[in-house]
Amino acid sequence: SSPRFADTIIRRCRTPFQLLVMLVVIRSLMPALGGFAHLYSVLTNLVSLVFIGTVAWLVAQAVSAGSDYFLSVYQLEGRNPFYVRKVQTQIQFLRRMVVILVLLVAAATSMMVFDKVRQLGTSILASAGIASVIVGFAAQRTLANLLVGLQIAITQPIRIGDIVSLD
């Protein structure tokens with residue numbers, strides 16, 4: 001018998017959720033430090049950074065739990081082994097891509113907690129738009145090959161063990 005989805009989510013997300021609740025309680029008690037402006041500012045930034053990291057951890061754990069559950073429930077017995085490996089590879093690839101995206105968003109969000117970095121990020125973002133157009137034209141072939149490789153990895157039209165004949 002396969003585990004229930006709720007059990008899988010609870011098992012994987014318990015610790016980050018407990019930390020998240022603890023951070024919310026700490027944040028709600030922080031206005032009592034109003035007389036200590038510097039300490040309040042430092043603690044606000046620290047709690048914000050830990051909160052962002054905890055939310056990213058929680059989302060990554062939920063995605064991992066979902067992919068683990070799908071792989072455990074999905075009936076792979078009696079199927080073609082090539083198909084089984086294809087499904088497993090695709091799910092692992094998607095899980096890694098989502099986790100990397102979550103980590104990038106968390107890193108960018110955590111940098112925005114600080115005013116100086118936020119101002120620097122705004123100017124970098126403006127210049128990055130122009131630079132990305134230039135790099136896009138220069139690396140057009142490389143980016144096309146990367147996207148084609150990604151498409152081949154997902155669709156897997158050619159697998160190990162296939163016979164290819166050329167005329």
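The entries below go from the overall picture to single residues.

**Ground rules.** I am working from a predicted model, where local features need pLDDT of at least 70, side-chain atom pairs count only at pLDDT 80 or more, and totals for chains, interfaces and linings use all residues. I number residues from 1 along each chain as its sequence is written, and side-chain values use heavy atoms, with hydrogens and water left out.

**Overall picture.** I looked up the secondary structure and found 5 helices and 0 strands. Along the sequence the pattern reads α-α-α-α-α. Helices here are DSSP runs of H or I with at least four residues, strands are runs of E with at least two, and both are numbered from the N terminus.

I then checked burial, taking buried as under 20% relative accessible area, exposed as over 50% and partly exposed as in between (1.4 Å probe, protein chains only). Of the 167 residues in the protein, 17% are buried. The accessible surface comes to about 12300 Å², with 70% of it belonging to carbon and sulfur atoms; such areas come from the Shrake-Rupley method with a 1.4 Å probe, and for residues only the protein chains shown count as cover.

For contacts I used heavy atoms within 4.5 Å. Among contacts between residues at least 6 apart in sequence, 73% join residues at least 24 apart.

**Helix H2.** How far apart are the end C-alpha atoms of H2? I find 53 Å for this helix of 37 residues (37-73), which agrees with the 54 Å it should span at 1.5 Å a residue. The expected span is 1.5 Å times one less than the number of residues.

The buried residues of H2 include Thr44, Val47, Ile52, Leu58 and Gln61. Their cover includes H1 and helix H3 (81-111).

Gln61 counts as buried because its relative accessibility is 18%. Beyond its neighbours within four places in sequence, Gln61 is in contact with Arg12, Cys13 and Pro16.

**Salt bridges.** How many salt bridges does the structure hold? I count 3, with the cut-off being a side-chain nitrogen of Lys or Arg within 4 Å of a carboxyl oxygen of Asp or Glu.

One joins Asp7 to Arg4, with 3.8 Å between the closest N and O atoms. Asp7 is partly exposed at 38% relative accessibility, while Arg4 is exposed at 56%.

Another pairs the side chains of Arg12 and Asp68 at 2.3 Å, N to O. Because Arg12 lies in helix H1 and Asp68 in helix H2, this pair ties together parts 56 residues apart in sequence.

Arg95 also bridges to Asp68, the closest N and O atoms being 3.0 Å apart. Here Arg95 sits in helix H3 and Asp68 in helix H2, so parts 27 residues apart in sequence are tied together. Shared partners join Arg12, Asp68 and Arg95 into one network. Asp68 is partly exposed at 30% relative accessible area, and Arg95 counts as partly exposed at 21%.

**Surface patch.** Which residues make the nonpolar surface patch of about 380 Å²? I listed Phe17, Val21, Val25 and Leu29. Patches take residues with over 30% relative accessible area and no salt bridge, joining like charges within 9 Å and nonpolar side chains (Val, Leu, Ile, Met, Phe, Trp, Tyr) within 5 Å. Phe17 lies in helix H1 (residues 5-29) and is partly exposed, at 49% relative accessible area. In an α-helix with 3.6 residues a turn, residues three or four places apart point the same way.
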